[in-house]
Amino acid sequence: MEKPTNRVFSGVQPTGNLHLGNYLGAIRNFVGLQDTHECLYCVVDMHAITVWQDPKELTANTREVAAAYIASGINPETHIIFNQSKVTAHAELAWILNCVARIGWLNRMTQFKDKAGKDREKASVGLYAYPVLMAADILAYRATHVPVGEDQKQHLELARDTAQKFNNDFEAEDFFPLPEPLIMGAATRVMSLRDGTKKMSKSDPSAYSRITLSDNADEIAQKIRKARTDPEPLPEVKDGLAERPEAANLVNIYAALSDTTTEQVLKEFGGKMFSEFKPALADLAVDKLSPITGEMKHLLADPAYIDGELEKGAERARAIADPVLKRVKEIVGFI
Ligand code: AQP
């Protein structure tokens with residue numbers, strides 16, 4: 001069986017409010033990998049339903065993520081874009097891997113603790129088992145590299161442990177490659193605009209905490225204007241950002257959007273007040289995001305086109321995942 005050496009898999013959940021963190025921490029990096037890797041980018045709708053999703057909104061949000069992929073520059077002809085629920089290998093492999101991964105491993109997952117909150121007994125079983133489904137997503141394609149934001153690093157380690165334990169338990173040598181995380185760029189962890197110690201997230205109740213890919217130019221500028229900061233001017237060097245999470249976040253966003261470094265941004269803006277820095281950041285954000293949000297709107301006006309691309313992508317994804325699953329079943333002893 002063919003053994004890929006440069007296959008990328010990653011995904012984004014269609015849970016609405018797609019934001020700048022998802023773009024800078026994930027989608028933008030997906031685009032860059034197309035030149036050097038064989039890429040599969042998934043809209044992970046099965047992950048989304050681990051917390052309640054209104055069915056109509058789930059459909060709309062699935063199209064929104066697919067539109068964001070295409071509008072950002074992922075080519076659905078040369079690479080694969082699809083939604084997870086269309087490829088049954090993910091669910092089937094996840095069950096087998098549920099029997100390989102250990103409860104102790106899942107108990108250590110910090111994202112479950114954060115998302116389940118105090119009332120853990122009422123969280124869905126799916127939310128708890130989510131990292132195993134994520135392992136199946138990656139391993140069904142024997143993917144070698146996984147571009148993610150920093151928050152997903154722990155889940156990826158679990159995927160590696162699960163692959164290793166499968167290979168050992170079934171004496172399958174290196175059947176599953178151990179997938180490498182690719183954590184790239186100046187904004188691997190974009191923080192909330194309201195609280196620089198919390199990550200920017202889709203589920204934050206405050207719309208002012210995030211810039212979304214459906215915000216227009218005025219909304220982007222207004223959110224940056226209202227972003228929480230401190231009264232000090234920007235420092236000249238990076239160390240000066242250490243105790244200033246909100247300032248550090250805005251500088252990192254500027255660096256990521258302008259493809260430069262934090263040091264470079266501080267060279268330009270060190271000593272300047274936020275009253276000068278924020279308008280520059282707003283202009284940059286509008287400049288970089290408008291072409292994408294405009295193209296997303298255009299694509300979303302034609303849902304049949306998006307659905308067609310997802311279906312074609314799913315067919316190509318199945319052609320890779322089904323033989324892997326068949327081999328896994330043989331290895332396990334299913335007849
Ligand atoms: N704030 C962030 N900074 C950098 N990268 C981020 N990612 C998410 N938030 C940030 C990266 O985006 C990819 C897709 O994420 P996801 O939608 O699958 O799940 P998530 O990490 O749970 O996203 P959210 O937005 O934070 O949603 P909620 O509010 O539901 O928890 C991943 O690669 C992720 O690292």
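This is a predicted model: local features need pLDDT of at least 70, side-chain atom pairs count only at pLDDT 80 or more; totals for chains, interfaces and linings use all residues.
Let's start with the helices, which are DSSP runs of H or I with at least four residues, numbered from the N terminus. Helix α4 (residues 89-98) and helix α7 (residues 125-139) have axes that come within 8 Å and cross at roughly 120°. Those axes are lines fitted to C-alpha atoms over the stretch in contact, with angles from 0 to 180 degrees between N-to-C directions. The two helices, α4 and α7, are therefore oblique; that word covers whatever is left after roughly parallel (under 35 degrees), roughly antiparallel (over 145) and roughly perpendicular (65 to 115).

Next, helix α1 (residues 20-32) packs with helix α10 (residues 245-257) at about 45°, their axes 12 Å apart. So α1 is oblique to α10 as well. Leu20, Leu24 and Arg28 of α1 make the contact with Ile253, Ala256 and Leu257 of α10, where contact means heavy atoms within 4.5 Å.

Now, which residues come nearest to the ligand? Of the 23 around it, they are His19, Asp151, Lys199, Lys202 and Ser203; a residue counts as near if one of its heavy atoms lies within 4 Å. An N or O atom in the Lys199 side chain is 2.6 Å from a ligand oxygen atom. A polar backbone atom of Val190 lies 2.8 Å from a ligand nitrogen atom.

Note on methods. Residues are numbered from 1 along each chain as its sequence is written. Side-chain values use heavy atoms; hydrogens and water are left out. A polar contact is a pair of N or O atoms within 3.5 Å; within protein, one must be able to donate a hydrogen and the other to accept it, and residues adjacent in sequence count only if both atoms are side-chain atoms.
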